[in-house]
Amino acid sequence: MYGYDDVGGSEHVPPYWDYWLGQVGDSRYYNYYASVNGAKEYFGDTYDRDYFPDVVKNHSVKTLQDFITQSIGVPFLLVAAPSAARVPFTPAPQYSHVYDGKTAPRTPNWNHHSDDKHWLVRTTSVMDEAHINTSDTAFEQRLEALLSVDDLVGDIVATLDKGNVLDNTYIIFASDHGFQLGQFCIPGDKREPYEHDIRIPLMIRGPKIPKNITLHQIALNIDIAPTIIAMSGQEAPDEMDGRSLTPLLFSSLNGTLSGNHDDEGGEWRNDFLIDYHGQGGGKCGLSACPPPPLDDFHVTDASNNTYTCLRTLSSSENAIYCEFTMTDYVEYYDLTEDPWQLKNTAKTASQQVIAKQKARLQQLRECSGPSCRN
């Protein structure tokens, strides 16, 4: 976590940033400390001054305005990362209750108990009315908190437009993880290898990028840094595992799509590694000890919720294969046949298929840099 003493404290400003705003710790909307260019500042509980998504917005807009005015024609990078919509899902006052009555999506795997999944999920009990209400309230408040992110994006775009640099600026919108709201009986969290947790939004606009096109190739968070480097006209270091998305976005100055190849001339990836180490505390190995009773077991994490997965997505295969390393448990889903991952077929699928998945997963575990990209 940024700002903690064991990682340099709030006076530490990472190299190369001309302006720095960093919340100390993680995910607070009010009553927090932040580093403003290395000076520790307290923000309280007053909306107009302290609400963190708006603090990020206001600092971003002011920094952009100053830079555009004072550094005409100089390239810049702005990263704006508000707390919304993370726990505790606190909406701004004007957006509170906007989505009252909204319920979390009742997907086929919503409140679905499954005995064929790994320990944490199969132990989780069906949600009762109280858990369902908690989950639905979280869904409402997440939507409401995201309205402040809409404001942030809108104000940044307006600032770029007013400064006459919008048409020469790339904008990347993404998140760090998905979220579950009742899927497989878990009221709300993000730590499972299923589609609702691992998928994220990714939208890019800017010069020479065609409008209103959806690309279906696999894009990962690790691709964002190489993409920014390529957009700046530089080459990413070899040690980066990700690859630039620019060949998929455009191939020449006329902005045409370039097909299914990467910036090194090879075929684009059709699989990737998912890796997570479960966070369990205390003697019980869970995220909260002592463990709750089995008839009310809704725990978000455990030390044995540690896994590596191979996610494959190509014209001929749409599947995920997972190994839970502390329990030797395996899950496998053909998402073409079972898009909601209702039935684990690790024991019934072709063992030739399973062996192939296992071997490829091991390759990705051991790769780094170029060997991960090819």
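Reader: Hi! Is asparagine 37 buried, exposed or partly exposed, and why?
Author: Asparagine 37 counts as partly exposed because its relative accessible area is 40%. Buried means under 20% relative accessible area, exposed means over 50%, and partly exposed is in between (1.4 Å probe, protein chains only).

Reader: Thanks! Where does asparagine 37 lie?
Author: Asparagine 37 lies in the loop between S2 and strand S3 (39-43). Helices (H or I, at least four residues) and strands (E, at least two) are DSSP runs, numbered from the N terminus.

Reader: What about the phi of asparagine 37?
Author: That phi is positive, about 55°, although asparagine 37 is not a glycine. Asparagine 31 also has a positive phi of about 55° without being a glycine. Asparagine 31 is in the loop between strand S1 (21-23) and strand S2 (32-36), and its relative accessibility is 37%, so asparagine 31 counts as partly exposed.

Reader: Good to know. What kind of model am I looking at, and how are residues numbered?
Author: This is a predicted model, in which local features need pLDDT of at least 70 and side-chain atom pairs count only at pLDDT 80 or more, while totals for chains, interfaces and linings use all residues. Residues are numbered from 1 along each chain as its sequence is written, and side-chain values use heavy atoms, with hydrogens and water left out.

Reader: New topic: which peptide bonds are cis?
Author: One of them joins alanine 84 and alanine 85, with omega about 5°. Another runs from valine 87 to proline 88, where omega is near 15°. Alanine 85 sits in the loop between helix H2 (52-70) and helix H3 (119-123), and proline 88 is in the loop between H2 and H3.

Reader: And threonine 246, where is its place?
Author: Threonine 246 is in helix H7 (residues 246-249). Its relative accessibility is 10%, so threonine 246 counts as buried.

Reader: What does threonine 246 touch?
Author: Leaving out residues up to four places away in sequence, threonine 246 touches Thr227, Ala230 and Met231. Contact here means heavy atoms within 4.5 Å.

Reader: Now the whole protein chain: how many helices and strands?
Author: The protein chain has nine helices and nine strands. Of its 374 residues, 43% count as buried.

Reader: How far does the C-alpha trace span?
Author: Along its principal axes, the C-alpha trace of the protein chain spans about 65 × 50 × 40 Å.
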